[in-house]
Structure formats: structure tokens, C-alpha cells
Amino acid sequence: MSDQTALSFASRSAPADGVVVVFAEEGPKLTPSAQDLDKKSKGLLSRAAEITGFKGKKDSIVDLLAPQGLKSVRLVLAGTDKTASYGPEDWLNLGGSIRGLLTGKEGPTAHVFLETAHGEIAAADVANFALGALLRGYKFKKYKTKARKKNGAASETNDRTLKKIIIHCADPKAAAQAFVASRAIADGVTLARDLVNEPANVLGPAEFAARAKQLTKLGVQVEVLGEKALQKLGMNALLAVGQGSDKPSHVAVMQWRGGGPKGGEPIVFVGKGVTFDTGGISLKPAAGMEDMKGDMAGAACVVGLMQALADRKAKVNAVGIIGLVENMPSGRAQRPGDVVTAMSGQTIEVLNTDAEGRMVLADCLWYAQERFKPKALINLATLTGAVMVALGKEHAGLFTNSDELAERLTAAGNVTGERLWRLPLGPKYDKMIESKVADIKNTGGKWGGSISAAQFLQRFVKEGTPWAHLDIAGTAMSSVDSEINRSWGSGFGVRLLDRLVSDHYERR
Ligand code: BES
Ligand code: MN
Ligand code: ZN
């Protein structure tokens with residue numbers, strides 16, 4: 001659920017009741033608004049800072065309730081270290097951590113006086129702060145029946161939800177303008193998180209496709225292909241994965257033509273959308289299997305991204321393609337040893353039915369190239385457990401045939417904090433997936449599992465297509481708490497790829 005708290009911008013002089021947040025840099029060097037409140041309270045703030053040993057360090061605060069001489073019920077002085085060296089991610093994280101301090105207990109309105117101790121904050125950074133605050137406010141509470149009832153029946157006085165955050169800044173108009181795009185991005189991340197968090201009994205391939213279809217409202221052209229259409233196209237690798245499930249497989253194609261005819265060939269995003277991955281006949285162990293409801297995080301990112309691009313009317317031609325299947329064991333399921341012919345014509349020996357994501361992507365990647373001749377092709381997938389062994393949960397794995405794409409994606413990752421780490425591809429790794437029976441086998445043995453998976457995908461990438469594969473198994477779900485995310489599904493990739501698009505693929 002998106003943060004229900006309304007966010008707006010106001011001038012520094014606008015009146016403030018409720019909760020008030022002001023800042024101090026290393027020292028502590030109080031910002032003008034902090035100094036002002038210190039005076040109004042006859043030195044309360046600086047005295048409290050001294051008593052607690054507050055030095056303006058990041059993540060340290062002075063927290064005062066019912067401060068004498070002030071209208072506010074709570075006054076927070078938050079440390080920032082030195083904002084002179086802040087980049088976009090620092091402002092984003094600051095917004096997140098401040099949002100985390102606001103519980104609503106002290107009233108429905110919070111005022112944040114966003115300032116530095118020297119000079120102004122650029123509108124883009126104010127917008128980043130606000131984006132961080134929105135993302136931190138996300139909670140998936142759809143299935144918490146008690147909380148919902150309480151809120152529904154709550155009286156004005158004991159409603160402990162925060163209703164309004166007002167960010168006071170030097171140029172509220174410019175901030176609000178910069179925030180228009182950030183809002184679209186936040187909504188895209190929210191959509192992605194919602195999809196990842198949703199359980200698989202509620203969100204199967206058909207329901208997921210229906211959610212994608214809703215982008216039509218924003219001017220995205222959405223086609224949903226059912227099993228008949230997929231059979232006709234020859235997407236047998238994708239269909240083989242879904243054949244064990246009672247829920248029919250789908251592929252959704254989302255086209256956003258914001259670049260117009262002059263925008264040229266589109267950039268195409270492909271997402272793995274396994275709405276639940278039991279492993280199939282190569283069944284996964286029971287412990288932790290529930291996490292496999294998130295095996296559609298790649299597809300969720302693509303839908304969230306397409307929504308964000310359309311919502312902010314990005315001047316780009318972009319296409320999203322998601323392969324939606326459920327991987328189940330049954331009397332109709334594919335077996336280890338089966339051979340299927342992919343849409344490209346290549347035959348695949350299925351050695352492990354739990355290596356299903358690459359089979360889904362193989363057909364989607366091929367379809368993407370046949371139909372759209374993409375100027376860049378980027379896929380996202382919770383593809384391998386091995387990528388977590390290699391990179392933990394801080395970086396997603398990046399595999400690409402293009403140094404330029406590697407550079408662009410890595411840079412976008414560093415700006416947004418959705419970090420990528422490039423891992424190798426090469427002919428020796430490709431040998432790992434040679435099959436004795438078919439053209440290719442779907443597992444590559446014990447070592448370098450993320451790499452052999454990427455090699456498999458590359459077999460379905462045509463010579464000359466700039467392509468990148470992001471293995472997001474460690475970053476998209478079962479997330480570690482961060483300043484801007486407390487949700488199981490992180491929505492990883494939406495901000496990263498939105499940034500990639502705005503930096504390199506949009507017409508000015
Ligand atoms: N969806 C999993 C990968 C995964 C594991 C994602 C844990 C998130 C958390 C994928 O389909 C899978 O099962 N991969 C296998 C591949 C193996 C059978 C070659 C794996 O990683 O073990
Ligand atoms: Mn699997
Ligand atoms: Zn999977």
C-alpha cells in the first residue's frame with residue numbers, strides 16, 4: 001500500500017504546529033530554522049543538544065516532547081553530518097530516516113524544515129528527500145484485518161496515523177515541480193512492491209496480467225497473450241514451465257510510445273514472472289518455499305517501471321514484456337530429461353525443472369527481438385540462489401554483452417542506490433551448458449550457477465543486440481531493512497531503470 005500520508009511543500013515562513021523537524025550539521029551547526037526555534041524556546045534546543053552530547057552526526061537526534069515556548073507538540077533536531085558532500089542517495093536516505101521517526105502519535109501533521117547550515121538545497125534534492133519519505137512510508141497491510149478495523153473506526157483523537165507531511169523549503173514551487181516525476185516513480189515502486197508481496201493464491205499469471213492491463217489507463221498499449229497465442233508463436237520453453245499448473249500461462253506486452261516516431265526503436269525490458277516456483281518435479285525443500293511467491297519480482301519491476309514512465313510521460317519508446325507462469329509439479333508437469341524446442345528453434349534439455357526462469361526468459365527475449373528490434377534489451381529475474389552466494393543482498397548481478405550498457409547501468413545504480421556488480425560471461429562458461437542430447441541444457445553444474453544461467457540467456461540474444469541481464473534474487477525480495485524500505489518486496493529496479501532511461505534514452 002502506498003503511504004497514505006499526503007506530502008506537500010511550503011515556504012520556510014509558513015506556520016507549523018504538530019511535529020516539527022529541523023536539522024543540524026556536524027558541530028552541531030544548527031540550520032537557520034533550528035536556530036530560530038532555539039531562540040523562541042529560550043535555548044531549550046541547544047541545551048538539550050549539549051546534555052545529550054548531540055554533535056549533529058547523521059542518524060543522531062534530539063527529541064523533545066511538549067517543548068516550552070513553542071506551538072509544536074514534538075520537536076526533533078536531526079543530525080546530517082556535512083550536507084555539502086551529499087549526493088542524491090543521501091537526500092533520499094535522509095527523507096527515509098526522517099519519515100521513520102514520524103509515528104503519528106503526536107498528531108496528524110509533521111513539518112520538516114529542510115535546510116542546510118550553508119546555502120540552498122537544489123529542488124531535485126528536495127524531491128529526492130520527499131521520495132525517500134514516501135518509500136519509507138510504504139506498508140503492506142492488506143491482510144491485517146485488525147489494523148484496518150481500528151483505523152476505520154478510529155475517532156479523531158486516537159487516530160495514530162500521520163496524515164500530512166509538509167516540507168518547508170526555500171523554493172516550494174520548484175520542489176513541487178521536481179516532485180511530479182518523483183511521485184510517478186514512487187507509485188511505480190509501490191506497484192512493484194505490492195505485486196511482489198501479494199501471495200500466489202491471489203496473484204497467479206492471469207491476475208498478474210490483469211494488473212498489467214490496467215496500465216492502459218495511462219496510455220500504455222497492453223496486449224495479453226494466452227496459451228493459444230503462445231503455442232502459435234512457438235513459445236514452448238515458457239509453456240513447458242507452466243504446463244504443470246492448473247493456472248494457464250500468459251505473456252503481457254506493454255508499449256509506451258512517449259518518444260514518438262522520431263524516438264526510434266524501443267528499449268525493451270523483459271521480466272521473469274514466475275508467480276510461484278515450487279521447483280516443479282525437481283521440487284524445492286519445504287523450508288523457505290513460501291518466499292517463492294516473490295519469483296515474479298522481475299516482472300513486477302517491469303510493470304512498475306512502465307507505469308512510472310507513462311505516468312511521468314517520459315519521452316521514450318519503451319516496451320515491457322513479462323512471462324507469467326506458475327511452476328508446479330503435477331501429472332502434466334515437465335520432467336527432468338524432457339526436451340523442448342524454444343521459439344528460437346533451439347532445443348533445450350530440461351535437466352532440472354527448478355531452473356525454470358531461464359526457460360521463460362528464453363522465449364520472451366527471443367520474442368522481444370523478433371518483434372521490436374530493440375536498441376537495448378534488459379531483462380530482470382530472480383534467477384539464481386547462487387547470485388546471493390556471490391554478492392549477498394547489496395548488489396544485483398549484472399551480465400551484459402555491452403560495456404556501454406554496463407557503464408550506464410552501473411552509474412544509474414550508484415546514483416539511485418540500487419547497486420549492480422558486473423559478473424563475467426565467456427565461451428568457457430558457455431561450454432557448461434552444452435547438452436549431449438539437445439542444443440543446450442538448462443543447468444550448468446555446481447559452480448558459477450549465476451554465470452551459467454546468464455550464458456543460457458545469452459544463447460537467445462542475437463548478435464548485435466545490446467543486452468543486459470540483472471539477477472535480482474538477492475535484492476528484490478526478503479529485503480533487509482533500509483532507510484527507504486521496510487517491506488519484504490523492495491521494488492528493486494524501478495528507480496534504477498527509470499534513471500537509466502532518463503539519463504540515456506529520453507529525447508530532450
Ligand atoms: N527462483 C529460483 C532462484 C531463487 C532462489 C530466487 C532463492 C530467490 C531466492 C530459481 O528458479 C531457481 O530455483 N534456481 C535454481 C537453479 C538451479 C536449479 C540450477 C537455484 O538457484 O538453485
Ligand atoms: Mn526455480
Ligand atoms: Zn524461479
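So, two metals side by side: the manganese ion (ligand 2) and the zinc ion (ligand 3) sit 3.1 Å apart, and D277 coordinates both. D277 lies in strand β10 (residues 267–277) and D354 in the loop between β13 (347–349) and α11, so the pair ties together parts that are 77 residues apart in sequence. Helices and strands here are DSSP runs, H or I of at least four residues and E of at least two, numbered from the N terminus.

Quick housekeeping. This is a predicted model, where local features need pLDDT of at least 70 and side-chain atom pairs pLDDT 80 or more, while totals for chains, interfaces and linings use all residues. Residues count from 1 along each chain, chains are lettered from A and ligands numbered from 1 as written, and side-chain values use heavy atoms, without hydrogens or water.

Back to manganese, ligand 2. Its donors, meaning N, O and S atoms within 2.8 Å of the metal (3.2 Å for Na, K and Ca), are D277 (OD), D354 (O), D354 (OD) and E356 (OE), at 2.1 to 2.2 Å. Water isn't among the atoms, so sites may look incomplete.

Is D277 buried or exposed? Buried, at 3% relative accessible area, whereas D354 is partly exposed at 23%. Buried means under 20%, exposed over 50%, partly exposed in between, with a 1.4 Å probe and protein chains only.

Now R358, in helix α11 (residues 357–372). Instead, the R358 side chain reaches the backbone oxygen of N442 at 2.7 Å.

Notes:
Polar contact = N/O pair within 3.5 Å; in protein donor to acceptor, adjacent residues only side chain to side chain.
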